[in-house]
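Here are my notes for your first look at this model. Keep the structure open as you read.

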Amino acid sequence: MRYWVFILSLGLFQFSLGTELTFELPDSAKECFHEEIKKNTSCTLEYQVVTGGNYDVDVALEDPKGNILYKQVKMQFDSHTFVSQDHGIYKVCFSNEFSTFSHKLVYMDFQVGEEQPLPGIGEHATVLTQMESSAQEIHKSLNTILDYQTHHRLREAQGRKRAEELNERVLWWSIMETLAVITIAFGQVFVLKNFFTEKKPYTQFK
């Protein structure tokens, strides 16, 4: 239970920053997300199926005119970068309609535009001081660390889920084998008992 709370809380926390989201995609369902983007804006869409089924999902990205900018079928993870040609609402949809029994947990990172510089750095008219340059480098390094940590947590969650599914399969297989061995043992005892049971001859009275 704490495992699912951790994953969902990760998604909600990052969604509050407006860039990342972890959501559950039910079987035979489709989820779409909309984002208003200005013209000539660089954007990056990154996604990964964390748990569920074969860890695959259908993905489609549309511009405000309905043109398909990106489309993939049954993908586990991918990243796509594009520059918006029009101002308007862009839509990205994740579909699990091909699956009839397995729901999935999907991570999405939709970066729109360049990252804002540190306060005061963008309007700096002169050469940056050594402290300002160091602060900027530290800021970039921290963002890189956050990105690495996010992907590490996703891989850890995916690996843990795979291990749990494997453990469940091994458990059920062991139970089936145990029942089969017990059934065969009782069957052998019954057959051997019939072999050594003395049968009384049938006498016919006149």
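Is C43 buried or exposed?

1. C43 is buried, with a relative accessible area of 0%. Buried means under 20% relative accessible area, exposed means over 50%, and partly exposed lies in between (1.4 Å probe, protein chains only).

2. A word on the source. This is a predicted model, where local features need pLDDT of at least 70, side-chain atom pairs count only at pLDDT 80 or more, and totals for chains, interfaces and linings use all residues. Residues are numbered from 1 along each chain as its sequence is written, and side-chain values use heavy atoms, with hydrogens and water left out.

3. The structure holds one disulfide (a pair of cysteine sulfur atoms within 2.5 Å). C32 and C93 form this link, with their sulfur atoms 2.0 Å apart. The pair joins distant parts of the chain: C32 sits in strand 2 (residues 30-37) and C93 in strand 7 (residues 88-95), 61 residues apart. Strands are DSSP runs of E, at least two residues, and helices are runs of H or I, at least four, numbered from the N terminus.

4. The two partners have their own accessibility values. C32 is partly exposed, because its relative accessible area is 28%. C93 counts as buried at 7%.

5. Now look at D109. Its place is in strand 8. D109 counts as buried, because its relative accessibility is 5%.
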